[in-house]
Structure formats: C-alpha cells, structure tokens
Amino acid sequence: MLLFLSLRWTPSHAQQPTVSDILSAQEWFRYEVSYGFFTLGWVEVFMMPDTLYEGQMHHHLVTRMISNERLPLIGYEQDEFHSFFRLNDEGLPITSLFWKDNWDEEKPKEIVYAFDRTRNQVRYKEEDDTEGALDLFEPATAGHVVFVYSRLFAGSEYRTQLPVFVSKKLGFLDFNHSSETELREYQAFDALVTTLKTTGSTIDIAGPFGFSGRFDAYFLNDELRVPLEARVKMFLGSAVVTLIEYRRTPSSTAN
C-alpha cells in the first residue's frame, strides 16, 4: 500500500491548486460519456453553497448523471450524487456525508454513507436496503470527492492513494501523476490545450464512483488543473468521459 501524505501538504509547483483555489473558481462542468460510437449519457458537476452539518461548515459537491434514453436497453435514468466535505489538518478533503438520489425511480437517498469520526465508524445504507458500519480509514471518502482530490496532485510526479468506502467495503484508488505535457483538443475550448496525464488503478472497489480496473485521466495544465477526460477500462474497450462545456466565475482564460 502506498504511503499517505502525513505532513501538511503544500504544492511543489507554483501552478498546483489548493482546495480553496478550486472552490473559489465557482466552476460548472458538463461531460459526455461515450462507449465506442455510442453516447451513454451526460454528467454535470458543480458546487452548491456551503452548508452547516453536525456543527461544522462543509462544502457541498454535486454530480448529476443523465442517461441517453434513445439508446436501446438503457432508458431514462437520472441520478444525483452529493458529498458534504471539509479539509483535514493536511489540507486534504475528507467526507462527512455522501448520498445518492435516484430520481428516475423516485428514491431519494437510495445510498447513504455517514462518516462518524467520534465513533471512528462509517455507517452506510445501500440500494438493497442493507445497513451496517465499517471502521473509519482516513482521509475517508465515498469516492465522489476524487473529483477534487485528484486535481491537487495532477502534474506533481507524486504517487498517491485515496481510500474509498463503496459497496459496503473499503477500497483504494491508486494514482500515478506525471508532469509530462501533451496538446489535446476538447469541445469545451476553442483551441488545443496543454494537458497533464494521471494514470491509476483501483483496489477492491466498483461502482459509479468506485469504478474498477485501470484508468487514465487528463487535466488542463493551468492553475486549477481542470479535469478534462477520464478513460475507464471495461470488459471490451473503455468508457470515455469527456468535458464538453465548462464555466468559471470569475472567468479566466485556459492555457
């Protein structure tokens, strides 16, 4: 198992962002999910206003997934994933509450993971209505916060590991971040952009935010390390998640 960063983390490169940098940009993302020639659906990612949870202020991350109902055998699906998270003493995001709303089946909070640091436990409720508790392992998350975590190290040459609680167990995401750059084209930008690549793999996890197998991810080589693309291995080929729309407030020009 890779070592976690045990001291207060500070960027080793002037352009590597902090969580505060990312949150202050007030970003909105829209991705297209494809498999070969087929568009499986779309994903939106955005922050809601901070909220008070169990006596502490938390950041609120939302991901909305909508399927391409025109594809045979898929039909209409709309799921929303929410995370309340804050920063630990090392400046890393840790989750306090994660839940999934299954809106197409009218099942709010179909999945819930609550992180109880007083009892050192993660309490969960899953889609099959089973409930239970697991021992807490820091910096704990239910996977959703990987969208923020991965940006902190993109381009750093670090190898990092993130614990993920999903599907009633603990797993890990391993990352290998490279500082090598590559010009790539994305619909969200008017011209070629300079990107940084992160490769990785999963250990003992599967699901929408606990995807299994090897993966590649590309980030914009700018001050915020904007997530541009993810390629996730599947049984045949790869599912590709590609940025097609991006907004930032206050606005700034991409590299």
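Visitor: Why is Asp129 called exposed?

Guide: Its relative accessibility is 59%, and exposed means over 50%, buried under 20% and partly exposed in between, using a 1.4 Å probe and protein chains only. Asp129 therefore counts as exposed. This is a predicted model, in which local features need pLDDT of at least 70 and side-chain atom pairs count only at pLDDT 80 or more, while totals for chains, interfaces and linings use all residues. Residues are numbered from 1 along each chain as its sequence is written, and side-chain values use heavy atoms, leaving out hydrogens and water.

Visitor: Where is Asp129 found, and what is its phi?

Guide: Asp129 is in the loop between strand 7 (121-125) and strand 8; helices (H or I, at least four residues) and strands (E, at least two) are DSSP runs, numbered from the N terminus. Its phi is near 70°, a positive value in a residue other than glycine. Most residues other than glycine have a negative phi.

Visitor: Is Arg225 buried or exposed?

Guide: Arg225 has 2% relative accessibility, so it counts as buried. Arg225 also has a positive phi, about 50°, although it is not a glycine, and it lies in the loop between strand 12 (214-220) and strand 13.

Visitor: What makes Glu44 count as buried?

Guide: Glu44 has 14% relative accessibility, so it falls in the buried class. Glu44 is part of strand 2 (residues 38-53). Setting aside neighbours within four places in sequence, Glu44 is in contact (heavy atoms within 4.5 Å) with residues including Trp28, Phe29 and Arg30.

Visitor: Which side chain does the side chain of Glu44 join in a polar contact?

Guide: The partner is Arg30, at 3.1 Å. A polar contact is a pair of N or O atoms within 3.5 Å; within protein, one must be able to donate a hydrogen and the other to accept it, and residues adjacent in sequence count only if both atoms are side-chain atoms. The 3.1 Å pair of Glu44 and Arg30 therefore counts.

Visitor: Why is the pair of Phe29 and Tyr31 called stacked?

Guide: Rings of Phe, Tyr and Trp (its six-membered ring) pair if their centres lie within 6.5 Å, and planes under 30 degrees apart count as stacked, over 60 as edge-to-face and the rest as tilted. By this rule the count comes to 15 aromatic pairs. Phe29 and Tyr31 are 6.0 Å apart centre to centre with 10° between the planes, so the pair is stacked. Phe29 and Phe147, at 5.0 Å and 80°, are therefore edge-to-face. Phe29 lies in strand 1 and Phe147 in helix 2 (residues 146-153), so this pair ties together parts 118 residues apart in sequence.

Visitor: How do you know that the charged end of Lys109 sits over the ring of Trp99?

Guide: The rule asks for NZ of Lys or CZ of Arg within 6 Å of the ring centre and within 35 degrees of the ring normal. The charged end of Lys109 is 4.9 Å from the centre of the Trp99 ring. Arg247 lies over the face of Trp28, at 4.0 Å from the ring centre.

Visitor: What makes strand 1 and strand 14 a pair?

Guide: Two strands pair if DSSP finds at least two bridges between them. Strand 1 (residues 28-35) and strand 14 (residues 238-247) have eight bridges, in the antiparallel sense, so they qualify. Ser34 stands opposite Val240 in strand 14. Strand 14 also pairs with strand 13 (residues 227-233) in the antiparallel sense, over five bridges.
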